[in-house]
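Trainee: Hi! Could you walk me through this one?
Mentor: Happy to, have a look.
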Amino acid sequence: RDHLTAARGGKMASTAAGKQRIPKVAKVKNKAPAEVQITAEQLLREAKERELELLPPPPQQKITDVEELNDYKLRKRKTFEDNIRKNRTVISNWIKYAQWEESLKEIQRARSIYERALDVDYRNVTLWLKYAEMEMKNRQVNHARNIWDRAITTLPRVNQFWYKYTYMEEMLGNVAGSRQVFERWMEWQPEEQAWHSYINFELRYKEVDRAPPLVIVHPDVKNWIKYARFEEKHSYFAHARKVYERAVEFFGEEHMDEHLYVAFAKFEENQKEFERVRVIYKYALDRIPKQDAQNLFKNYTIFEKKFGDRRGIEDIIVSKRRFQYEEEVKANPHNYDAWFDYLRLVESDTDAGAVREVYERAIANIPPIQEKRHWKRYIYLWINYALYEELEAKDAERTKQVYQACLELIPHKKFTFAKMWLLYAQFEIRQKNLPLARRALGTSIGKCPKNKLFKGYIELELQLREFDRCRKLYEKFLEFTPENCTSWIKFAELETILGDIDRARAIYELAIGQPRLDMPEVLWKSYIDFEIEQEEFEKTRNLYRRLLQRTQHVKVWISFAQFELSAGREGSLSRCRQIYEEANKVMRSCEEKEERVMLLESWRNFEGEFGTDTTKERIDKLMPEKIKKRRKLQTEDGSDAGWEEYYDYIFPEDTANQPNLKLLAMAKLWKKQQQESEAAEMDPDKDIDESQS
C-alpha cells in the first residue's frame with residue numbers, strides 16, 4: 001500500500017509540474033558587446049582545469065589477506081588483457097603489463113608477456129631494450145645474452161643493441177666475449193663511431209695490435225689522419241709515415257685533399273724533417289686546385305717563417321700572389337689589368353719559359369668585339385711581350401715573330417694601331433735592317449693610312465736625311481688628308497729649311513686654296529710669318545688683304561695694324577692708323593660689340609704710345625658708354641624664366657643711338673642734382689656758412 005501511494009503521489013507531482021508555466025526569459029536591454037571578451041578556447045580550457053580540480057582522488061585500497069591480493073591481481077590482469085585484446089599493436093600496453101608483472105616479481109609471467117609482444121612486433125627496438133634491461137636488472141645474465149643475441153641477429157643494423165651488448169659483457173669482465181661481439185659487429189661494416197668504439201675498447205686493455213683498420217671500410221681523409229695520429233701517439237713513427245704515404249697513394253692526384261697534406265707536413269715537422277715538409281707542401285701546391293688550397297698556403301707560410309730563409313718566404317709570398325692573380329684571370333679572362341699585374345709578378349721572379357707561357361695565355365684572350373675601344377688595353381699585352389723578348393730575353397727572332405703575329409691579328413680594315421707599326425719599324429732599325437722597316441711602314445700606309453703613321457715615317461726619313469723620300473711622303477700624306485693644316489705647315493717648313501723658298505711659297509698657296517681646312521687661322525698665320533721672315537712686306541700686305549676678304553675678324557685687323565707698326569719703315573704710323581680707321585668703319589656693322597670695343601682699346605693703346613693730343617682726344621670720343629640692361633629669359637617650352645642683367649655698349653658714332661646718349665646724359669645730370677639736394681638737406685649748417693661767406 002505504501003508503494004502504491006508513493007507511486008500515485010509521484011504521478012500527480014509530475015502532472016502538476018507539466019502544467020506549471022515556464023517563466024519568460026528577461027529581455028536584454030543592453031546588447032552592446034562586453035568590455036572583456038572571452039573565446040571558445042578559453043571556455044574549454046577553464047572547463048578542463050575545473051574538471052581536474054573537481055576529480056576526486058582514487059580511494060586507497062588496503063589488502064589484508066591473500067584472497068584479496070589474488071582478487072586484485074586477477075582484476076589487474078583482466079584489465080591489461082582487455083587493453084591488449086582491444087589493440088594488440090599498441091606496444092606500450094604490453095610494456096606496462098610486463099613491468100607490472102616484474103614489479104610483483106613474476107619474472108616468468110613478464111617473460112611470457114614480452115615473448116607474446118615480440119610475436120606481435122619483433123621490429124620494435126624499445127621492446128627488445130626493455131626485455132633485455134629486465135633480465136639484466138634481475139641478474140639473469142644468460143637470459144640477457146640470449147635476448148641480445150636474438151636482437152642483433154634479427155636487427156643487425158640497430159647500433160644500440162650492439163653498444164648495450166658489448167657494454168654488458170665488458171661490465172661483467174668478459175673481455176673476450178665483448179671482443180667477439182665487436183668482431184661480429186664489424187662484419188656488418190657499421191658507421192665510423194662503431195669502429196672508434198672498438199678501437200677505444202682495445203686501447204683500454206692495451207691491445208694496440210688488435211685495433212681494427214678503420215680505413216679499409218671508411219677510407220675518408222679524416223680516418224687516414226686519425227689512423228696515422230694513432231700510430232704516432234703510440235710512438236710507431238715509421239708506421240705513421242707509411243700510413244700517410246699509403247693515404248697519398250690511395251687518393252692519387254685526382255682526389256687530393258689539402259687536410260691530408262697539412263697533417264702529413266705537420267707530422268714531418270714534428271720529426272724535424274724540414275726538407276721533407278717543404279717537398280710535401282710544394283708537391284701539394286703544384287697539384288691541388290688553387291681555390292682548394294687556402295689552408296695549405298697558410299700553413300706553408302707559417303712553416304717558412306718559422307724554419308725557412310728569406311728566399312723561401314719570398315717564394316711563398318709570390319706563390320700566394322700568383323694564386324690570387326690566377327683566380328682573377330680565371331674569373332674574367334678579359335680582365336687585362338689583372339694580366340698586366342700577373343705578368344709583372346712572373347717577370348720579376350720566374351724563368352723565361354714560365355713568362356712566355358703566361359704571355360701566351362694572356363694574348364690568347366682576344367677581345368670578342370672588333371671595336372678599337374675594346375682592343376686598346378689588349379694591344380699592350382703584345383707590346384709588353386715584344387719588349388720582354390727584346391730587352392729581357394735578348395731573343396730578336398722571337399721578338400720579330402711577336403710583332404708579325406700581332407700585326408696579322410689586328411683587323412686593319414676596321415681599325416689599326418699605329419703604335420704597333422712604328423714599334424716594329426724601330427725594332428728593325430735597331431737590328432740594322434732598314435729595308436724591312438721601310439717595307440713595314442709602307443705596308444701600314446697602304447693598308448690603313450693614319451696621320452700618326454705618316455708622321456712617324458716622315459720623322460724616320462728626316463733622321464736618315466732622306467729629303468726626297470720626305471717630299472714623296474708629304475705628297476701622299478696631303479693626298480690622304482688635304483684638310484690637315486699642320487701637314488701643310490710642316491711641309492712648307494721643310495722646304496724653307498732646305499732653302500727652296502719658291503717651293504715653300506707654292507705649298508702655302510696650295511694650302512690656302514683648299515676648300516676645307518681644319519685650322520685655317522693657324523695656316524694663314526704661318527704663311528704670314530713666313531713672308532715676314534723673308535722680309536717680303538708687300539706680299540705680307542697682300543696676304544692680309546686676301547685674308548680680310550675671307551674674314552673680318554677683329555684679331556686679323558689688330559694683327560695687320562701691328563704688322564704695319566713693326567715694319568719700321570717710313571710712314572708706318574700713318575699706315576697703322578689708317579688700318580685702324582678702316583677697321584673701325586667695317587666693324588660698325590658688326591653685331592659683336594665686344595670685338596669693336598677690343599679694336600678701339602687696341603687703337604687707344606697705339607695712340608697713347610705714338611699719337612698726338614689731337615688723335616688721343618679723337619679716340620677718346622670714339623670710346624663707347626658701358627650701361628647695364630635687363631632682358632627677359634624664356635625656357636625651351638616658352639615659359640618665363642625671369643630676368644637677367646647684362647652690359648651693353650653705346651657708341652657715339654652711331655647716329656641711331658644719339659637720342660639714347662642725350663637721354664642718358666640728362667638722366668645722369670638729374671641724378672647728380674638729386675644727390676646734391678639730399679646732401680644740402682642733411683647738413684644745413686654747411687649751407688649757412690656758405691651763404692655767410
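Mentor: First a term: contact means heavy atoms within 4.5 Å. This is a predicted model, where local features need pLDDT of at least 70, side-chain atom pairs count only at pLDDT 80 or more, and totals for chains, interfaces and linings use all residues. Residues are numbered from 1 along each chain as its sequence is written, and side-chain values use heavy atoms, with hydrogens and water left out.

Trainee: Which residues of α28 are buried?
Mentor: Leu 523, Trp 524, Ser 526, Tyr 527, Ile 528, Phe 530 and Glu 531. Buried means under 20% relative accessible area, exposed over 50% and partly exposed in between, with a 1.4 Å probe and protein chains only.

Trainee: And what do the buried residues of α28 pack against?
Mentor: Against α26 (485–497), α27 (501–512) and α29 (537–550). Helices here are DSSP runs of H or I with at least four residues, strands are E runs of at least two, and both are numbered from the N terminus.

Trainee: What follows α28?
Mentor: Glu 535, with a positive phi near 60°.

Trainee: Is Cys 448 buried or exposed?
Mentor: Cys 448 counts as buried because its relative accessibility is 7%. Cys 485 is buried too, at 0% relative accessible area.
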